Amino acid sequence: MLRKLGSTFALALAAGALAQAPAAAQDAQSASLDAQVSLESQFDSMLGTELRAPKTFEATYDSSFERQVAALADGSQGRIGVYAIDLTTGAEVGVLADQRFPMASTSKVAIAATFLAGVDQGRWSLSSEFELPGRGTYISAREHLNLMITRSCNDCTDALLNAVGGPQAVNAWMRSAGILDFQLTRNIAALVREDGRTDPATEIDLRDSATPRAMGQLLAGIYQGRWLSPSSRQVLMSAMGDTVTGKRRMTSALPMSANLAHKTGTLSRTASDIGIFYTPDGRPIAAAIYVTGQSASMAVENGSRAEKLNARRLRDERIASITSALYNGFGQQQREPTDGRVWATANYGSGGQ
């Protein structure tokens with residue numbers, strides 16, 4: 001399995017800060033460690049870092065499958081993050097799986113899950129109507145959610161985000177689900193308005209970011225029915241199954257029989273796709289792929305429409321090639337659980353649709 005070796009420099013700073021802290025602060029730090037908060041999150045919290053260059057990670061590869069994924073996720077033209085897990089066996093593969101990437105519209109899965117959790121709690125219903133921001137037009141929550149996922153409607157997303165209580169409410173729900181390396185900061189209107197101020201290929205902006213592993217955990221939990229009622233889970237999985245965006249990404253790499261349910265994301269110099277698909281023998285795979293760069297620089301892309309379109313094509317191709325490798329690689333692995341645990345605690349219809 002791919003393993004990230006933590007930065008020695010960051011580890012030293014974290015240990016030093018802990019040693020110099022008062023007893024109460026040490027207890028708090030220890031509690032955070034016990035809760036498995038990542039070293040990256042501690043490092044950022046202690047130093048107040050919002051924007052920084054990516055750390056260098058070394059990885060080891062235990063199989064030809066992992067080596068193939070790592071080769072396809074080569075970061076020489078921009079950072080690429082991958083995480084995938086077989087929900088039957090628990091087998092994982094990852095490249096920069098614990099490094100933050102801009103979520104773009106993949107965050108809409110978390111927003112939808114937060115809203116649906118509120119439905120399950122009786123706080124609102126799918127028939128409740130909410131305004132499209134600034135338009136004076138009201139449509140049902142079910143319509144908002146379907147448009148938000150299937151067509152990545154930004155106004156519909158902000159309508160549901162307003163309904164749940166803003167980014168902080170989504171962050172709180174994710175923390176309650178045990179997913180820590182996730183941070184939603186702005187609504188979609190602000191995110192789009194401020195897009196392009198940093199280059200995600202060379203800098204990590206913690207705002208509106210998550211790790212591929214965190215998003216894979218989100219998908220896995222939704223599929224397994226950990227947090228949502230069966231009906232709410234059905235609503236979200238069905239919407240993801242009807243997604244029409246990103247036709248050259250995961251969709252282009254998988255056969256129809258894989259029954260892909262997914263959500264795409266796109267911003268300046270970044271493209272992403274997160275979803276669940278099935279191996280030929282019916283095992284569900286949760287995967288999250290984030291690709292940045294693939295051109296000489298942001299200035300080059302901004303200076304030429306042809307360069308921008310070519311970079312977009314290359315980012316899509318990277319996602320497609322990695323998806324194909326995941327489908328084939330997991331498909332060739334053994335079905336039997338590796339440690340006796342049953343990972344897929346819920347079956348989702350016929351073929352996941």
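Predicted model: local features only at pLDDT ≥ 70, side-chain atom pairs only at ≥ 80, totals over all residues.
Visitor: Where does Pro280 sit?

Guide: Pro280 belongs to the loop between strand 11 and strand 12 (284–292).

Visitor: Why is Pro280 called exposed?

Guide: The relative accessible area of Pro280 is 65%. Exposed means over 50%, so Pro280 is exposed.

Visitor: How far apart are Pro280 and Gln332 in sequence and in space?

Guide: In sequence, 52 residues separate Pro280 and Gln332; in space, their C-alpha atoms are 9.3 Å apart.

Visitor: How do you know that strand 10 and strand 11 pair?

Guide: A pair needs at least two bridges. Strand 10 and strand 11 (residues 270–278) have 7 bridges, in the antiparallel sense, so they count as paired. Within strand 11, Asp273 is the bridge partner of Thr264.

Visitor: Which helix packs on the sheet there?

Guide: Helix 11 (residues 230–241) does, touching strand 10 and strand 11. The direction of helix 11 makes about 65 degrees with that of strand 10.

Visitor: In what order do the 5 strands of the open sheet run?

Guide: The order is 3-2-12-11-10, with antiparallel pairing.

Visitor: What makes strand 3 and strand 10 edge strands?

Guide: Strand 3 (92–95) and strand 10 (261–267) each pair on one side only. From one strand to the next, the twist averages 5 degrees.

Visitor: What is the strand order in the open sheet of 3 strands?

Guide: That sheet has the order 4-9-7, and its pairing is antiparallel. Strand 4 and strand 7 (182–183) are its edge strands.

Visitor: Why do strand 7 and strand 9 count as a pair?

Guide: They share 2 bridges. The rule asks for at least two, so strand 7 and strand 9 (residues 209–210) pair. Phe182 stands opposite Ala210 in strand 9.

Visitor: What makes the largest cavity a cavity, and how much space lies in it?

Guide: A cavity is a set of points where a 1.4 Å probe fits but cannot get out. The space in the largest cavity is about 260 Å³. Its lining has 22 residues, with Pro102, Arg186, Thr198, Asp205 and Leu267 nearest the centre. Strand 4 (101–102) and strand 8 (204–205) are the elements giving two or more residues to this lining.

Visitor: How do the residues of that lining divide?

Guide: They divide into 10 charged, 8 nonpolar and 4 polar. Asp and Arg count as charged, so Asp205 and Arg186 belong to the charged group.

Terms used:
Residues numbered from 1 in each chain as written. Heavy atoms only, no water. 1 Å grid on protein atoms, 1.4 Å probe; cavity = no way out; pocket = protein on both sides within 12 Å on 5 of 7 lines; lining within 4 Å. Points joined across faces, edges and corners; volume = space filled by probe spheres on them. Helix = DSSP H or I, 4+ residues; strand = E, 2+ residues; numbered from the N terminus. Axes fitted to C-alpha atoms, helices over the stretch in contact; angles between N-to-C directions. Contact = heavy atoms within 4.5 Å. Buried < 20%, exposed > 50% of the residue type's maximum accessible area, 1.4 Å probe, protein only.
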